[in-house]
Amino acid sequence: MRMVLYASLLVIALVALWLLLPTQSQAATTHHVTIDAAQYEFSPGRIEVAQGDEVIITLTASDVVHGLYLDGYDIEQQVLPGVSQQIRFFADQPGKFRYRCSVSCGALHPFMIGELVVSSNAPFRQAVAAVLLAVAGSIFYLSRFRSSQNEQGSETTRA
Ligand SMILES: [Cu+2]
């Protein structure tokens with residue numbers, strides 16, 4: 001009986017530890033996004049994905065030559081009008097990252113900025129792990145409490 005209890009405690013603890021390991025998300029999805037660059041903005045100007053997702057960007061330019069430089073991921077791609085380019089990467093770092101035009105395209109070029117938001121999935125996994133460890137800990141505590149009572153009882157009957 002106690003073996004079963006300890007085995008299940010071990011399983012719970014292992015699951016909790018597994019949840020704490022960094023991973024490529026539970027169900028990573030692939031986002032196909034077309035970003036059009038034009039004087040002086042990207043559309044869309046904001047992309048939201050989850051950490052671990054794959055992002056495939058089709059980059060187009062609708063007027064002059066533009067470029068896209070993605071902060072944090074160090075990705076740079078230039079694009080000519082009429083010739084689309086593909087950018088593919090895994091959003092493995094959580095946070096907010098700006099993408100800016102990397103080709104001087106005119107007076108307002110410095111203001112040609114978009115934002116990639118990569119939401120972290122770590123807090124949820126950490127919360128689940130904490131709950132599992134708390135459950136395992138209290139089961140362990142209760143089982144020791146019970147068994148020490150039983151031992152006392154058996155000692156008195158033996159004596
Ligand atoms: Cu530009």
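Biologist: Which residue takes a positive phi in the hairpin of β5 and β6?

Modeller: G72 does, with a phi near 80 degrees, in a hairpin that has 4 residues between its strands. Keep in mind that this is a predicted model, in which local features need pLDDT of at least 70, side-chain atom pairs count only at pLDDT 80 or more, and totals for chains, interfaces and linings use all residues. Residues are numbered from 1 along each chain as its sequence is written.

Biologist: How do β5 and β6 pair, parallel or antiparallel?

Modeller: They pair in the antiparallel sense over 5 bridges, where pairing requires that DSSP finds at least two bridges between two strands. Y69 stands opposite E76 in β6.

Biologist: And what about D74, what's its phi?

Modeller: D74 has a positive phi of about 55 degrees although it is not a glycine, and D74 lies in the loop between β5 (66-70) and β6 (75-79). Most residues other than glycine have a negative phi.

Biologist: Is D74 buried or exposed?

Modeller: D74 counts as exposed because it has 8 C-beta neighbours inside 10 Å. The cut-offs are 20 or more other C-beta atoms within 10 Å for buried, 12 or fewer for exposed, and partly exposed in between, with C-beta atoms placed from the backbone.

Biologist: Switching topic, which peptide bonds are cis?

Modeller: The bond from Q39 to Y40 is cis, with omega near -5 degrees, and so is the bond joining S43 and P44, with omega about 5 degrees. Y40 lies in the loop between β1 (30-38) and β2 (41-43), while P44 lies in the loop between β2 and β3 (46-50).

Biologist: How many helices and strands are there in the protein?

Modeller: There are 2 helices and 9 strands, counted as DSSP runs numbered from the N terminus, with helices being H or I of at least four residues and strands being E of at least two.

Biologist: Which residues have the most contacts inside the largest nonpolar core?

Modeller: They are I35, A37, F42, L59, L68 and Y99, in a core of 17 residues; such a core is a set of buried Ala, Val, Leu, Ile, Met, Phe, Trp, Tyr and Cys residues joined through C-beta atoms within 7 Å. β4 gives the most to this core, with 4 residues.

Biologist: Which residues is Y99 in contact with, leaving aside its neighbours within four places in sequence?

Modeller: Y99 is in contact with F42, L68, Y69, L70, G114 and L116, where contact means that the C-beta atoms, placed from the backbone, lie within 7 Å.

How values were computed
Contact = placed C-beta atoms within 7 Å.
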